[in-house]
Each structure stands twice: as C-alpha cells, then as structure tokens.
Amino acid sequence: MALSHDELWPRAGSWPGFETGDDADAVLLGVPTWRTSLSPTGAHATPAAIREALTRYSATLMGPPVVDLGAVLRVLDAGDVDEPDGEDGIATTVRRVRELADATRLVIALGGDNALTYPVARGAGATGLITIDAHFDLRDGISNGSPVRRLIEDAPDGERIDPTRIVQIGIADFANSAAYAARAAGWGIRVITLDEVRRRGIEDVVAEATRIAGAGAAARIHLDVDVDAADRSAAPGCPASVPGGFAAWELRHLVRAIVGDPRVVSADVAEVDATADTDDLRTVRLAALCVLEMLAALASR
C-alpha cells in the first residue's frame, strides 16, 4: 500500500546517495552479511527492509524544542556492499567503511548478521567497542558468533581492539556458556549483564561504557547494536532473541545515549532477519528506529 503524502509531514529515509568527495554528518551503508550465520537466516534482505521502514517515520524530535533532523543533519546513503561475506567481502567492506569514515562523523552500517561488526569496526578505525547484545560473540572460527573475538585476535596489527576497551551490555542468562564467560573475564572485557543494566539504570551504565571504550588519546568507538538483545515480543524477527530481553524503549534509550558521545564514529544494526519478521514488521521497524535514535544523538552532540 502506498504511503500518504503530506508536504507538512516529511518522511525519514530516502536520503541522497553518497558520491566520492561528499561530506556528510552521517552515511548509511548496507552490509548484508549472512553466509556464515550459525542459524538459518534471511538477514541479507534486511538493509533494504530497514530503508523502507524508515519511510514509515518522520525525522522530527518533539523536544522541546522541536528539531527536524532533516534540517540540521546531512544524511547520505552509500548503498550496499555486494557480497560482504568471505575474505574478499571483508576486505571490500573494510575499504568502503574507511572511505566513508573519512567523509562523515558517523557511519551507520545496516546488517546483515553480526558478522558485519568485524569489518565495519576495522574500517572505521575503532579503538574501542561497545556491544548491545544478549551474547558474547567470542566463538572460535568465522561466523556471526565470532566478531568480537576476531576483532581481538584475527584483525591485522594496528586494527585489533584491546579487550580492556570492550564493553558488552545486555549479556543474558540462558543465552551463553560458562566457557565464553570465562574467556571474556580472562581477556578483561567489561561485561554488564541485562540484570545489571536494570539495577543500575541506563545513564550510569552508558557513562561507564563510554569511559572504558573511549579510553586513550584519539579514541574511536564502534557501537554494535544486536537487536536480539531486545525482548522477543519486540524482536521476533531476530533468530536468537529471548523473552525477557530489553524493552523496545530500553534498547532505543541505550542507542541514543551511547551515540551521543562524540567518540562514537561508527555503529551497526545487526541480527534482524527481515524474512522471518511478523506481518506488522515490528522487528524491522525497531531497527529503523534505532537508526533514527543514532541520528537524534548525533544532532545533540
């Protein structure tokens, strides 16, 4: 069904394309990884679905004061990386993100499964990492369950992230193993469980996370937003989401609070399978709202 048109109600999305030499406040890039997923997924269909879902919303913050993000930010869309899986795809993604990072304040990568975090963080030159995720993603091998480990161990010299500058927010009971919890602890990763977030509050947790991930001179933080950290009622299109995860408002609040830190230079939205979503597309729409929360945070810096 075609959306209504109203000159006084401009829609989000449908941003101009990025061309080499452009400057922007934020650039979107589709990175439709899916071939190494540990569970069957249609996540390669998700970047296009998120773009379409963005048009369901306006780009206006109610404030006060009311802010039209379209009026205060220049947002461009760089299209998709073709076949980002595999060594060639990783190298292409790293190069593309590096080009965009030189031209913008914030690169927003639309996944795809969580495998995209590895090349996107590398391309952005990240020195610190914050994940919003129910899972550690510290598995051996190459999959959507291994990007955090790969950033620590597999990235080339100069692109590896010190694990003591990694913070994982939302790690959930019954979604991980004791072995990977021990690996995280042994490497010095700061793990903030779902229960701890709710006990302490989002602002307190974000302050600690950005301090740790943003340590050092010329710090550059990458934010990985794995939507399966959300409650399954809000994110049924995430294969690994579980009942009792973050409410949609909690996930959105975390995203806006973290990206409000100027040391955040890149972010990804991962693990949504648009082909497995409900008829009302609630998971894809939540992913689109996370993108808008990133832009709202960028405008507030």
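A salt bridge here is a side-chain nitrogen of Lys or Arg within 4 Å of a carboxyl oxygen of Asp or Glu. In this predicted model, arginine 51 forms such a bridge with aspartate 77, with the closest N and O atoms 2.7 Å apart. The whole structure holds 21 salt bridges.

- Arginine 51 and aspartate 77 are both buried.
- Arginine 51 also meets the side chain of aspartate 80 in a salt bridge, at 2.8 Å from N to O.
- Aspartate 80 belongs to strand β4 and arginine 51 to helix α1, so this pair ties together parts 29 residues apart in sequence.
- Aspartate 80 has a relative accessibility of 41% and therefore counts as partly exposed.

- Glutamate 196 pairs with arginine 200 in a salt bridge whose closest N and O atoms are 2.8 Å apart.
- Both residues lie in helix α7 (residues 194-200), four residues apart, or about one turn of the helix.
- Glutamate 196 is buried at 11% relative accessibility, whereas arginine 200 is partly exposed at 27%.
- A network of salt bridges links Arg190, Glu196, Arg200, Asp204 and Glu208.

**Helix α9**

- Helix α9 (residues 248-259) has 12 residues and spans 17 Å from its first C-alpha to its last, close to the expected 16 Å.
- Its buried residues are Glu250, Leu251, Leu254, Val255, Ile258 and Val259.
- Viewed down the axis of α9, these buried residues fall within an arc of 150 degrees, so they line one face of the helix.

Key
Residues numbered from 1 in each chain as written. Predicted model: local features only at pLDDT ≥ 70, side-chain atom pairs only at ≥ 80, totals over all residues. Heavy atoms only, no water. Helix = DSSP H or I, 4+ residues; strand = E, 2+ residues; numbered from the N terminus. Expected span 1.5 Å × (residues − 1). Buried < 20%, exposed > 50% of the residue type's maximum accessible area, 1.4 Å probe, protein only. Arc of directions from axis to C-beta.
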